Amino acid sequence: MVEGLVIALVVVLCFGALYVASGARVIRQYERGVVLRLGRLRDDVRLPGFTMVVPGIDRLRKVNMQIVTMPVPAQDGITRDNVTVRVDAVIYFKVVDPTNAVIAVEDYRFAVSQMAQTSLRSIIGKSDLDDLLSNREKLNQGLEVMIDSPAVSWGVQIDRVEIKDVSLPETMKRSMARQAEADRERRARVINADAELQASKKLAQAAGEMSEQPAALQLRLLQTIVAVAAEKNSTLVLPFPVELLRFLERAQQQPAVEGADTGRTGRQPLVNGATAQPPSSSGNGSPLPEDEAPLPETRASEEPAVPPAPTPPAAPSPAEQPFAHH
């Protein structure tokens, strides 16, 4: 009888130890415990360390208080300037109120993820392509504000939101590459034009100095010859003065001017409207004899009658008329 009682007591003690052991919980340093007793929330939040719950009656939920890094899936959208882009991001958040994280929302991680995706789409539609590529800090702040507003009631604090990558269509990439190339070419041309302008001003100043000292031009010419002949090459440099070219040009212009003057005086008018014709030359280049010269044509018969006028001097005979020579 005594042995039966002892065995029963040992069994009860073992069941009691197992019951107590099943109610023991350990909460880690970065966690907090929320206890629900028969479905009702207990006011006290269990701190890190060893704690006890009533097995079968209490339910302990541990909430991670660390900063969570959650990638936001890439979202396709159209920017305000009608460019199709694909943007992904990353969000950093942490739980500041474990009670609300358990009671106010079913799954705060899923809720934050969905809110981040919808906010990212909204930001894409409100922004230009240039803002997505160059002004990301402002967009990150806008995303943080949009996600943090509803997350406060969930006991979650948004620490930071970063746009990770912006994918563009291939056609847009080629267009941007052509634009960048054209802009660089424009700047290169402007720089070259500015350099030419400065060089021309310096050359003009150098020309002014050399005009005052003609010997400077000769020294510069000698320096050029030395620079060309410094290396072993077959280049032969012969200085050719510019004054000689100007002299030859003036010499060519003078005969042309004299020929023009002679051509204008080749046909001389005669009296009574007659015009002297240039003599025709024979095969050996000698002029026709005077008795074969053509007579001047007169238009006296064709003129209408006019009042008598002073008699002009008698016209010279054909033999006495001078010949016009070219």
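**View 1. Helix α5 lies across β7 and β8.** Welcome to this predicted model, in which local features need pLDDT of at least 70, side-chain atom pairs count only at pLDDT 80 or more, and totals for chains, interfaces and linings use all residues. Residues are numbered from 1 along each chain as its sequence is written, and side-chain values use heavy atoms, leaving out hydrogens and water. Helix α5 covers residues 136–151 and runs at about 140° to β8. Angles go from 0 to 180 degrees between N-to-C directions of axes, which are lines fitted to C-alpha atoms, for helices over the stretch in contact (heavy atoms within 4.5 Å). Helices (H or I, at least four residues) and strands (E, at least two) are DSSP runs, numbered from the N terminus.

**View 2. Helix α3 lies across β6, β7 and β8.** This helix spans residues 108–126 and runs at about 35° to β6.

**View 3. Three strands form an open sheet in the order β6-β7-β8.** Their pairing is antiparallel; two strands pair if DSSP finds at least two bridges between them. The edge strands, β6 (68–78) and β8 (156–167), each pair on one side only. On average, neighbouring strands here are turned by 25° against each other, direction ignored.

**View 4. Strand β7 meets β8 through ten bridges.** Strand β7 holds residues 84–95 and runs antiparallel to β8. Look for I91, which stands opposite V161 in β8.

**View 5. Residues 267–307 have pLDDT under 50.** pLDDT is the predictor's confidence in each residue, from 0 to 100. The model has 25 contacts beyond four places in sequence for this stretch. Where pLDDT is low, the predicted coordinates should not be read in detail.
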